[in-house]
Amino acid sequence: AQKIAARNTAERSWTGYRKFEVERKVGEANDIASFYLVPHNRRPLPPYRPGQYLTFRLHLPDRDKPLIRCYSLSDAPEDDHYRITVKRIGSPPDRPEAEPGLASSYLHDAITTGDLLDVMAPSGQFTIDENSDRPVVLLAGGIGITPLLSMLNAVTATGRARETWFFYGVRDGGEEIM
């Protein structure tokens with residue numbers, strides 16, 4: 001059964017970059033937005049493990065080379081879309097002359113519903129076993145919640161009574177998401 005599942009996952013995966021359309025962009029909190037992504041070619045999505053991330057190739061208009069950035073998937077696995085949640089990174093308070101985060105600013109300022117993004121298949125080993133019944137403790141701070149939110153939503157989606165402790169800290173209510 002594991003070989004069949006692995007083969008089915010491999011058949012639904014891809015190599016290199018694949019075009020994804022921004023289906024929705026939702027403001028979550030101060031300078032934090034979620035991006036709901038669907039495959040441009042409408043082909044099936046491979047499943048992913050809660051906690052994994054997507055790698056993006058971003059083509060900024062004023063740069064010769066694309067930026068490569070990774071963003072955690074921030075929801076339980078779905079059949080029809082992926083979701084990432086991104087915080088705009090500004091200049092450090094002690095260095096206002098420093099350049100803000102290029103990729104996060106581009107996603108927040110330039111990317112809108114209907115835009116296409118180059119995305120690699122989900123990857124990463126920071127995951128949770130959704131099938132386990134062992135208790136789980138999740139600790140998150142600020143935007144670091146994204147992979148843990150994926151894990152929490154996946155545990156909840158199983159419908160099983162799994163003891164789960166979730167601790168989340170933010171600087172103030174303006175950073176609280178979801």
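**Briefing: surface patch, cores, helices and salt bridges**

Val137, Leu139, Trp165 and Phe167 make up a nonpolar patch on the surface, with about 450 Å² of accessible area together. The model is predicted. Its largest nonpolar core has 25 residues, and a second, separate core has 12. The structure also holds 8 salt bridges.

**Surface patch**

- Two strands, β7 (136-141) and β8 (164-169), each supply at least two residues of the nonpolar patch.
- Phe167 is in strand β8. Phe167 counts as partly exposed because its relative accessibility is 42%, between the limits of 20% for buried and 50% for exposed.

**Nonpolar cores**

- In the largest core, of 25 residues, Phe35, Phe56, Leu58 and Leu117 have the most contacts inside it. Two or more residues of this core come from each of β1 (18-29), β2 (32-39), β3 (53-58), β4, β5, α2 (102-109) and β6 (116-119).
- Beyond four places away in sequence, Leu117 touches Arg18, Lys19, Phe20, Val22, Leu37, Phe56, Leu58, Leu107 and Ile111.
- The second, separate core of 12 residues includes Leu138, Ile145, Met151 and Val155.

**Helix α2**

- Helix α2 is largely enclosed by the rest of the structure, because 6 of its 8 residues are buried.
- The buried residues in α2 are Ala103, Ser104, Ser105, Tyr106, Leu107 and His108.
- Their cover includes strands β1, β2, β3, β4, β5 and β6.

**Helix α3**

- Helix α3 (residues 145-157) has 13 residues and should span 18 Å at 1.5 Å a residue; its end C-alpha atoms are 18 Å apart, which agrees.
- The helix is mostly covered, with 10 of 13 residues buried. Among them are Ile145, Leu148, Leu149, Met151, Leu152 and Val155.
- Buried residues of α3 pack against β4 (67-72), β5 (82-87), β7 and β8.

**The loop between β6 and β7**

- Met120 lies in this loop. At 29% relative accessibility, Met120 counts as partly exposed.
- Not counting residues up to four places away in sequence, Met120 touches Trp14, Gly16, Tyr17, Leu54 and Thr55.
- Met120 and Gly101 are 19 residues apart along the chain, and their C-alpha atoms are separated by 21 Å.
- Gln125 is also in the loop between β6 and β7. Gln125 counts as exposed because its relative accessibility is 75%.
- Gln125 and Gly51 are 74 residues apart in sequence, yet their C-alpha atoms are 7.7 Å apart in space.

- Side chains of opposite charge can pair when their charged atoms come close.
- Lys19 and Asp118 meet in a salt bridge at 2.6 Å, N to O. This pair links distant parts of the chain, with Lys19 in strand β1 and Asp118 in strand β6, 99 residues apart.
- Lys19 is partly exposed, with a relative accessible area of 41%. Asp118 counts as buried at 4% relative accessibility.
- Arg57 also forms a salt bridge with Asp118, the closest N and O atoms being 3.3 Å apart. Arg57 is in strand β3, 61 residues from Asp118 in strand β6. Its relative accessible area of 28% makes Arg57 partly exposed.
- Shared partners join Lys19, Arg57 and Asp118 into one network of salt bridges.
- Arg88 pairs with Asp31 in a salt bridge, with the closest N and O atoms 3.2 Å apart. Arg88 sits in the loop between β5 and α2, and Asp31 in the loop between β1 and β2, 57 residues apart.
- Arg88 counts as partly exposed at 24% relative accessibility. Asp31 is partly exposed, with a relative accessible area of 41%.

Technical notes. Residues are numbered from 1 along each chain as its sequence is written. This is a predicted model: local features need pLDDT of at least 70, side-chain atom pairs count only at pLDDT 80 or more; totals for chains, interfaces and linings use all residues. Side-chain values use heavy atoms; hydrogens and water are left out. Patches are made of residues with over 30% relative accessible area and no salt bridge: like charges are joined within 9 Å, nonpolar side chains (Val, Leu, Ile, Met, Phe, Trp, Tyr) within 5 Å. Accessible areas come from the Shrake-Rupley method with a 1.4 Å probe; for residues, only the protein chains shown count as cover. A salt bridge is a side-chain nitrogen of Lys or Arg within 4 Å of a carboxyl oxygen of Asp or Glu. Helices (H or I, at least four residues) and strands (E, at least two) are DSSP runs, numbered from the N terminus. Buried means under 20% relative accessible area, exposed over 50%, partly exposed in between (1.4 Å probe, protein chains only). The expected span of a helix is 1.5 Å times one less than its number of residues. Contact means heavy atoms within 4.5 Å. A nonpolar core is a set of buried Ala, Val, Leu, Ile, Met, Phe, Trp, Tyr and Cys residues joined through side-chain atoms within 4.5 Å.
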